[in-house]
Amino acid sequence: MAAPVTRQVSGCAGRVLSPSGSDTERGQPLADAVAELPVLDASGRRVTFGALFRERRAVVVFVRHFLCYVCKEYVEDLAKIPKSFLQEADVTLIVIGQSSYHHIEPFCKLTGYSHEIYVDPEREIYKRLGMKRGEEISSSGQSPHIKSSLLSGSLQSLWRAVTGPLFDFQGDPAQQGGTLILGPGNSIHFVHRDRNRLDHKPINSVLQLVGVQPVNFMSRPTVIHV
(Lines give C-alpha, C1' and ligand atoms only; values in the text may rest on other atoms or scores of the structure.)
Protein backbone atom coordinates (compact mmCIF):
# COMPACT_ATOMS: atom_id res chain seq x y z
CA MET A 1 0.00 0.00 0.00
CA ALA A 2 1.31 3.42 -0.93
CA ALA A 3 1.95 5.80 1.94
CA PRO A 4 -0.56 8.65 2.25
CA VAL A 5 0.33 12.12 1.04
CA THR A 6 0.98 13.89 4.32
CA ARG A 7 2.76 17.07 3.31
CA GLN A 8 0.82 20.33 3.11
CA VAL A 9 1.70 22.13 -0.11
CA SER A 10 1.32 25.87 0.33
CA GLY A 11 2.24 29.17 -1.23
CA CYS A 12 5.22 29.40 1.13
CA ALA A 13 6.57 26.18 -0.32
CA GLY A 14 6.41 27.66 -3.81
CA ARG A 15 4.42 24.76 -5.21
CA VAL A 16 1.21 26.45 -6.25
CA LEU A 17 0.01 27.91 -9.48
CA SER A 18 0.50 31.60 -9.99
CA PRO A 19 -2.58 33.87 -10.09
CA SER A 20 -2.31 33.90 -13.88
CA GLY A 21 -2.80 30.12 -13.89
CA SER A 22 0.60 29.24 -15.36
CA ASP A 23 2.38 26.26 -13.88
CA THR A 24 5.37 27.90 -12.20
CA GLU A 25 6.74 24.67 -10.69
CA ARG A 26 5.72 21.09 -11.05
CA GLY A 27 4.18 19.76 -7.85
CA GLN A 28 4.99 16.54 -6.10
CA PRO A 29 3.56 13.51 -7.94
CA LEU A 30 0.42 11.70 -6.89
CA ALA A 31 1.23 8.03 -6.35
CA ASP A 32 0.10 5.81 -9.22
CA ALA A 33 -1.64 3.53 -6.71
CA VAL A 34 -3.84 6.47 -5.64
CA ALA A 35 -4.47 7.68 -9.20
CA GLU A 36 -5.70 4.19 -10.11
CA LEU A 37 -8.27 4.00 -7.31
CA PRO A 38 -11.89 4.14 -8.50
CA VAL A 39 -14.59 6.73 -7.93
CA LEU A 40 -18.23 6.33 -8.94
CA ASP A 41 -20.38 8.73 -10.93
CA ALA A 42 -24.13 9.30 -10.50
CA SER A 43 -24.88 6.16 -12.53
CA GLY A 44 -22.54 3.98 -10.48
CA ARG A 45 -19.98 3.84 -13.29
CA ARG A 46 -16.39 3.34 -12.07
CA VAL A 47 -13.81 5.92 -13.17
CA THR A 48 -10.18 5.98 -12.10
CA PHE A 49 -9.35 8.97 -9.91
CA GLY A 50 -6.37 9.96 -12.06
CA ALA A 51 -8.49 10.05 -15.23
CA LEU A 52 -10.38 13.05 -13.82
CA PHE A 53 -7.38 15.36 -14.17
CA ARG A 54 -5.17 13.53 -16.68
CA GLU A 55 -5.65 16.11 -19.43
CA ARG A 56 -6.07 19.39 -17.52
CA ARG A 57 -5.81 21.03 -14.15
CA ALA A 58 -8.59 20.36 -11.72
CA VAL A 59 -9.79 21.83 -8.46
CA VAL A 60 -10.87 18.76 -6.50
CA VAL A 61 -13.01 19.36 -3.40
CA PHE A 62 -13.51 16.46 -1.00
CA VAL A 63 -16.59 17.05 1.18
CA ARG A 64 -17.41 15.56 4.58
CA HIS A 65 -20.75 13.94 3.80
CA PHE A 66 -23.81 14.93 1.82
CA LEU A 67 -26.03 15.55 4.86
CA CYS A 68 -23.54 18.04 6.34
CA TYR A 69 -25.12 21.51 6.16
CA VAL A 70 -21.67 23.12 5.83
CA CYS A 71 -20.91 20.93 2.81
CA LYS A 72 -24.30 21.68 1.32
CA GLU A 73 -23.85 25.44 1.60
CA TYR A 74 -20.24 25.34 0.41
CA VAL A 75 -21.28 23.32 -2.66
CA GLU A 76 -24.16 25.73 -3.26
CA ASP A 77 -21.49 28.41 -3.74
CA LEU A 78 -19.35 26.12 -5.90
CA ALA A 79 -22.46 25.78 -8.06
CA LYS A 80 -22.37 29.54 -8.71
CA ILE A 81 -19.06 29.34 -10.55
CA PRO A 82 -19.93 29.87 -14.23
CA LYS A 83 -18.76 27.09 -16.51
CA SER A 84 -17.45 29.75 -18.87
CA PHE A 85 -15.00 30.93 -16.16
CA LEU A 86 -13.61 27.41 -15.84
CA GLN A 87 -13.45 26.87 -19.59
CA GLU A 88 -11.52 30.11 -20.11
CA ALA A 89 -8.85 28.89 -17.67
CA ASP A 90 -9.00 25.27 -18.95
CA VAL A 91 -9.79 24.06 -15.44
CA THR A 92 -12.15 21.33 -14.24
CA LEU A 93 -14.10 21.61 -10.98
CA ILE A 94 -14.75 18.30 -9.22
CA VAL A 95 -16.57 17.48 -5.99
CA ILE A 96 -15.99 14.09 -4.36
CA GLY A 97 -18.18 12.74 -1.57
CA GLN A 98 -18.03 9.50 0.38
CA SER A 99 -21.59 8.23 0.21
CA SER A 100 -23.32 5.75 -2.06
CA TYR A 101 -23.58 7.01 -5.64
CA HIS A 102 -27.38 6.97 -5.21
CA HIS A 103 -27.09 10.18 -3.20
CA ILE A 104 -25.33 12.17 -5.94
CA GLU A 105 -28.37 13.17 -7.99
CA PRO A 106 -30.50 14.32 -5.00
CA PHE A 107 -27.53 16.30 -3.64
CA CYS A 108 -27.03 18.04 -6.98
CA LYS A 109 -30.72 18.92 -7.18
CA LEU A 110 -30.59 20.27 -3.64
CA THR A 111 -27.52 22.45 -4.21
CA GLY A 112 -27.93 23.36 -7.88
CA TYR A 113 -24.46 21.93 -8.54
CA SER A 114 -23.91 20.97 -12.20
CA HIS A 115 -20.13 20.51 -12.43
CA GLU A 116 -18.41 17.13 -12.10
CA ILE A 117 -19.15 15.06 -8.99
CA TYR A 118 -18.20 11.56 -7.86
CA VAL A 119 -18.10 9.46 -4.70
CA ASP A 120 -15.48 7.36 -2.93
CA PRO A 121 -17.76 5.12 -0.81
CA GLU A 122 -14.93 3.23 0.88
CA ARG A 123 -13.08 6.49 1.63
CA GLU A 124 -9.93 4.89 0.26
CA ILE A 125 -8.77 8.04 -1.56
CA TYR A 126 -9.56 10.14 1.53
CA LYS A 127 -7.31 7.81 3.55
CA ARG A 128 -4.47 7.73 1.01
CA LEU A 129 -4.47 11.53 0.79
CA GLY A 130 -4.30 11.85 4.57
CA MET A 131 -7.71 13.48 5.05
CA LYS A 132 -8.47 13.81 8.75
CA ARG A 133 -11.16 12.11 10.81
CA GLY A 134 -12.64 13.86 13.81
CA GLU A 135 -13.00 17.54 14.69
CA GLU A 136 -9.80 19.38 15.52
CA ILE A 137 -10.59 22.37 17.73
CA SER A 138 -9.19 25.45 16.05
CA SER A 139 -10.35 28.91 15.08
CA SER A 140 -11.24 28.79 11.40
CA GLY A 141 -12.79 32.25 11.32
CA GLN A 142 -16.06 33.20 9.68
CA SER A 143 -16.63 31.37 6.42
CA PRO A 144 -17.98 33.52 3.58
CA HIS A 145 -19.87 30.48 2.30
CA ILE A 146 -21.85 29.30 5.34
CA LYS A 147 -25.25 30.92 5.80
CA SER A 148 -26.71 28.87 8.65
CA SER A 149 -25.89 28.82 12.33
CA LEU A 150 -24.80 25.57 13.99
CA LEU A 151 -28.28 25.04 15.44
CA SER A 152 -30.31 25.80 12.34
CA GLY A 153 -27.89 23.97 10.07
CA SER A 154 -27.87 20.86 12.25
CA LEU A 155 -31.67 20.83 12.36
CA GLN A 156 -31.79 21.08 8.57
CA SER A 157 -29.38 18.13 8.27
CA LEU A 158 -31.45 16.06 10.69
CA TRP A 159 -34.65 16.87 8.81
CA ARG A 160 -33.09 15.79 5.50
CA ALA A 161 -31.95 12.55 7.15
CA VAL A 162 -35.36 11.60 8.56
CA THR A 163 -37.30 12.61 5.44
CA GLY A 164 -34.97 10.86 3.01
CA PRO A 165 -35.69 7.42 1.55
CA LEU A 166 -32.97 5.92 3.78
CA PHE A 167 -32.06 7.14 7.24
CA ASP A 168 -28.30 7.47 6.96
CA PHE A 169 -25.66 10.17 7.15
CA GLN A 170 -24.69 9.71 3.49
CA GLY A 171 -21.12 9.12 4.57
CA ASP A 172 -18.97 8.90 7.72
CA PRO A 173 -19.89 11.94 9.90
CA ALA A 174 -16.37 11.98 11.42
CA GLN A 175 -14.62 12.29 8.07
CA GLN A 176 -13.20 15.70 7.12
CA GLY A 177 -12.61 16.86 3.58
CA GLY A 178 -10.10 19.03 1.79
CA THR A 179 -9.17 20.78 -1.44
CA LEU A 180 -6.48 19.91 -3.97
CA ILE A 181 -5.26 21.34 -7.25
CA LEU A 182 -4.17 18.45 -9.48
CA GLY A 183 -3.04 17.80 -13.03
CA PRO A 184 -2.42 17.62 -15.84
CA GLY A 185 -1.18 14.14 -15.09
CA ASN A 186 -0.33 13.17 -11.54
CA SER A 187 1.10 16.50 -10.33
CA ILE A 188 -0.13 17.93 -7.03
CA HIS A 189 0.08 21.73 -6.97
CA PHE A 190 -1.85 22.53 -3.80
CA VAL A 191 -3.27 20.62 -0.84
CA HIS A 192 -5.48 21.81 2.00
CA ARG A 193 -6.80 19.28 4.51
CA ASP A 194 -9.75 20.51 6.56
CA ARG A 195 -9.15 20.33 10.32
CA ASN A 196 -12.87 20.67 11.07
CA ARG A 197 -16.13 21.26 9.24
CA LEU A 198 -15.55 25.02 8.91
CA ASP A 199 -11.91 24.84 7.83
CA HIS A 200 -12.53 24.73 4.08
CA LYS A 201 -10.62 27.10 1.79
CA PRO A 202 -12.49 30.20 0.58
CA ILE A 203 -13.47 29.43 -2.98
CA ASN A 204 -12.09 32.58 -4.57
CA SER A 205 -8.67 32.02 -3.01
CA VAL A 206 -8.52 28.63 -4.75
CA LEU A 207 -9.85 30.00 -8.04
CA GLN A 208 -7.12 32.65 -8.00
CA LEU A 209 -4.46 29.94 -7.88
CA VAL A 210 -5.70 28.41 -11.14
CA GLY A 211 -6.41 31.66 -12.96
CA VAL A 212 -10.21 31.50 -12.75
CA GLN A 213 -12.09 34.78 -12.39
CA PRO A 214 -13.42 35.51 -8.89
CA VAL A 215 -17.12 35.01 -8.25
CA ASN A 216 -19.42 37.31 -6.26
CA PHE A 217 -21.02 35.12 -3.60
CA MET A 218 -22.58 37.99 -1.65
CA SER A 219 -25.88 38.24 -3.53
CA ARG A 220 -27.90 36.29 -0.99
CA PRO A 221 -30.73 37.04 1.42
CA THR A 222 -30.05 38.35 4.89
CA VAL A 223 -29.47 35.50 7.34
CA ILE A 224 -31.16 35.44 10.72
CA HIS A 225 -29.15 33.24 13.10
CA VAL A 226 -31.10 31.24 15.66
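Guide: Welcome! Helices here are DSSP runs of H or I with at least four residues, strands are E runs of at least two, and both are numbered from the N terminus. The model is predicted, so local features need pLDDT of at least 70 and side-chain atom pairs 80 or more, while totals for chains, interfaces and linings use all residues. Residues are numbered from 1 along each chain as its sequence is written, and side-chain values use heavy atoms, without hydrogens and water.

Visitor: Why is the pair F49 and F53 called what it is?

Guide: Rings of Phe, Tyr and Trp (its six-membered ring) pair if their centres lie within 6.5 Å; planes under 30 degrees apart are stacked, over 60 edge-to-face, the rest tilted. The F49 and F53 centres are 5.0 Å apart with planes at 80°, so this pair is edge-to-face. F49, F53, F62 and Y126 form one aromatic cluster.

Visitor: How do you know whether F49 is buried or exposed?

Guide: With a 1.4 Å probe and protein chains only, buried means under 20% relative accessible area, exposed over 50%, and partly exposed in between. F49 is at 0%, so F49 counts as buried. F53 is buried too, at 0%.

Visitor: What makes a space a cavity, and which residues line it?

Guide: On a 1 Å grid over the protein atoms alone, a cavity is a set of points where a 1.4 Å probe fits but cannot get out; lining residues have an atom within 4 Å of a point. The second largest cavity is lined by residues including V59, Y74 and L207. Helix 7 gives the largest share of that lining, three residues.

Technical notes
On a 1 Å grid over the protein atoms alone, a cavity is a set of points where a 1.4 Å probe fits but cannot get out, and a pocket is an open set with protein on both sides within 12 Å along at least five of seven lines; lining residues have an atom within 4 Å of a point.
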